[in-house]
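Keep the model open as you read.

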Amino acid sequence: MKKLVVIFWLILLFSSIGALFWYNEWVYHLPTPVPRNYKAVYPGQLIALKLPLKEDRSKPVFLHFFNPDCPCSRFNISNFQSLVKKYGSQVNFVIVIMSDKTFTVKAIRDKFNLNIPVLFDPSIAVSCGVYSTPQAVLLDTDHKLYFRGNYNSSRYCTNEKTSFAKIAIAGLLNEHARLVFSQVALKAYGCSLPNCTR
């Protein structure tokens, strides 16, 4: 009788863990709801930002929208680090923090182990048409929107075929003017802004 009770509880426990894992994966694959007051920003549109960049202004700008409380953003850290390491000499990378909580520049740089600019201005997200994290925005050298979208179709950014941010950077640097991305790349997935409610 005791063996049956133990087996029953183990089955219940493992079933619950499996259900939670499946639910979290399912929720991640749902698009982030579009805010009611959302104003779309289209590729080619000038993004008038005053970015405090000391780097070479002849380089494209890559904005990484990050919320430290968003699990999707945290899963994305190593992917973003690899982009900075690969393209850091050709692109100006900036982390834009999207949170109501207070963080220091040092805390964010330490989290990423990168010495790049960190901004705390939520108006940048509005200017770029971003309403979830993590999101990537790539501006050309004239500060026109080249790409705004997801990093990958995989939650853990492991699918090289859908490494959208990397494809966008390579496309811009190789002067591919008309890269076409699927809705999986362009429709926002992840945590809604600013409080990671979905």
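Here, a residue is called buried if its relative accessible area is under 20%. By that cut-off, Phe62 and Phe93 are both buried. Bear in mind that what you're looking at is a predicted model.

Start with those two rings. Phe62 and Phe93 form an aromatic pair, with 5.1 Å from centre to centre and 45 degrees between the planes, which puts the pair in the tilted class. Phe62 sits in strand β1 and Phe93 in strand β2, 31 residues apart, and the pair links these distant parts of the chain. A second pair is worth a look too: the ring centres of Phe66 and Phe112 are 4.8 Å apart and their planes stand at 70 degrees, so this one is edge-to-face. Here the link runs from strand β1, which holds Phe66, to helix α4, which holds Phe112, across 46 residues. Phe66 and Phe112 are buried as well.

How many aromatic pairs does a search of the whole structure find? The count is nine. Ring pairs also join Phe62, Phe66, Phe80, Phe93, Phe112 and Tyr151 into a cluster.

In soluble globular proteins, nonpolar side chains tend to be buried together. In this model the largest nonpolar core has 28 residues, and Phe62, Phe80, Phe93 and Ile95 are the ones with the most contacts inside it. Which elements each supply at least two residues of this core? They are the strands β1 (61-66), β2 (92-97), β5 (135-139) and β6 (145-149), together with the helices α3 (77-87), α4 (105-112) and α6 (164-173). There's also a second, separate core of 18 residues, and among its members are Val41, Leu63, Val96 and Leu139.

If you set aside neighbours within four places in sequence, Phe93 is in contact with Phe62, Phe80, Leu83, Val84, Tyr87, Gly88, Ile116, Pro117 and Ile169.

Next, trace the sheet. Five strands make up an open sheet with mixed pairing, and their order is β3-β2-β1-β5-β6. At the edges you'll find β3 (118-119) and β6, each of which pairs on one side only. Helices pack here too: α3 touches β1 and β2, and its direction makes about 155 degrees with that of β2. Meanwhile α6 lies across β1, β2, β5 and β6, and runs at about 170 degrees to β6.

β1 and β5 are antiparallel, paired over five bridges, and Phe65 stands opposite Gln135 in β5. Going on, β5 and β6 are antiparallel too, with four bridges.

Are the residues of β5 buried or exposed? Five of its five residues are buried. Look at the strand from both sides and you'll see that each face is covered: Gln135, Val137 and Leu139 are buried on one side, and Ala136 and Leu138 on the other.

Finally, turn to the cysteines. The structure has one disulfide, and that disulfide joins Cys70 to Cys191 with an S to S distance of 2.1 Å. The link is right-handed, with 85 degrees about the S-S bond. Why does this pair tie together parts that are 121 residues apart in sequence? Cys70 lies in the loop between β1 and α2 (71-75), while Cys191 lies in strand β7 (residues 191-192), so the bond bridges that separation. Both Cys70 and Cys191 are buried. Another cysteine, Cys128, is buried too, and its relative accessible area is 0%.

Technical notes. Residues numbered from 1 in each chain as written. Predicted model: local features only at pLDDT ≥ 70, side-chain atom pairs only at ≥ 80, totals over all residues. Heavy atoms only, no water. Core = buried A, V, L, I, M, F, W, Y, C linked by side-chain atoms within 4.5 Å. Buried < 20%, exposed > 50% of the residue type's maximum accessible area, 1.4 Å probe, protein only. Contact = heavy atoms within 4.5 Å. Disulfide = S-S within 2.5 Å. Pairing = 2+ DSSP bridges. Axes fitted to C-alpha atoms, helices over the stretch in contact; angles between N-to-C directions. Phe/Tyr/Trp six-rings, centres within 6.5 Å; stacked < 30°, edge-to-face > 60°.
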